[in-house]
Amino acid sequence: YGSRYGALEPSRGLHCDHDHEEENAEGGGEKRNRRDFALWKPVSDPAVAGWDSSLGRGRPGWHIECSAFCRAMFGDVPPAPYLHSGGRDLRFPHHENEIAQSQALFGGDRWVQHWVHAGQLNIKGLKMSKSLKNYTTIQEHLSGSSARAFRIFCLLHRYHADVTFGEDRAADAAAWERSFASTFRILALHLSDGGYGAYGAFPAAGSP
């Protein structure tokens, strides 16, 4: 995989056939190459979770976690998994390093068949993030809105586009829900001569 490292985000110029004069990492840190990433992180503080190993006490690098549970769930025969998704911000370095270490382990030239990267969900101009404490849980949102309206909100945007979540966007989705509910009720009445018949009724806006 080394010659294709950086394929998920080619604009970064990380392919091995680019910028040979800049191979060495800058800044004089632990990296010997700007493409290096940690498979095992040393842990010296006994209060921090770690395990003894031939590399010393430490813990797996964070890219290892996802590769490990993908292997546990989908097995060793590539493409495994067939489809892998995540936020657009995970293309590099996280997904790129997952590919590199997994293909090195399996000795193949393909680990995942298809990658799908979604846009970011923003609130008040900032990415929704647990660390920023600017997130809203599904349970909190559904206390004032229906699950169907939230599904419509998601369908109103392209999967790879960034989305700004706010009261105005939620109101747009609720308006679409009311429009769909009204349309399907009228259709049901016409198709069943005044009753819902075999076609059933589209639940009223605001119901689950």
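Hi everyone, let me start inside the fold: the buried residues of α1 pack against β3 (83–87) and α2. Buried here means under 20% relative accessible area, with exposed being over 50% and partly exposed in between, using a 1.4 Å probe and protein chains only. Packing rests on contact, meaning heavy atoms within 4.5 Å. The helices (H or I, at least four residues) and strands (E, at least two) are DSSP runs, numbered from the N terminus.

A word on the source: this is a predicted model, where local features need pLDDT of at least 70 and side-chain atom pairs count only at pLDDT 80 or more, while totals for chains, interfaces and linings use all residues. Residues are numbered from 1 along each chain as its sequence is written, and side-chain values use heavy atoms, with hydrogens and water left out.

Back to α1, then. Which residues of α1 are buried? They are H63, C66, S67 and C70. These cover an arc of only 95° around the axis, which puts them on the same side of α1; the arc is that of the directions from the helix axis to the C-beta atoms. Helix α1 spans residues 62–74, 13 residues in total, and reaches 19 Å from its first C-alpha to its last, close to the 18 Å expected at 1.5 Å a residue. That expected span is 1.5 Å times one less than the number of residues. Just after α1, G75 takes a positive phi of about 90°.

S102, which lies in helix α2, touches S67 and W111, leaving aside residues up to four places away in sequence. S102 counts as buried because its relative accessibility is 4%.

Now the whole chain. It has five helices and seven strands, in the order β-β-α-β-α-β-β-β-α-α-β-α along the sequence. Of its 208 residues, 26% are buried. Among contacts between residues at least 6 apart in sequence, 52% join residues at least 24 apart. For an example of sequence distance, take L8, in the segment before β1. L8 and F92 are 84 residues apart in sequence, yet 7.3 Å apart in space, C-alpha to C-alpha. Not counting residues up to four places away, L8 touches R91, H95, E96, I99, W115 and H117.

On to α5, residues 167–191. This helix has 25 residues and reaches 36 Å from first C-alpha to last, close to the 36 Å expected. Its buried residues, A173, E177, A181 and A188, pack against α4.

Finally, pockets. On a 1 Å grid over the protein atoms alone, a pocket is an open set of points where a 1.4 Å probe fits, with protein on both sides within 12 Å along at least five of seven lines; lining residues have an atom within 4 Å of a point. Volume is the space filled by probe spheres set on the points, which are joined across faces, edges and corners.

The largest pocket has a volume of about 350 Å³. Of its 15 lining residues, E30, K31, D36, F37 and A38 are the closest to the centre. β1 (40–42) and α2 (91–106) each supply at least two residues of that lining.

What volume does the second largest pocket have? About 200 Å³. Its lining includes F150, F153 and H157, and helix α4 (residues 147–155) gives the largest share, three residues.
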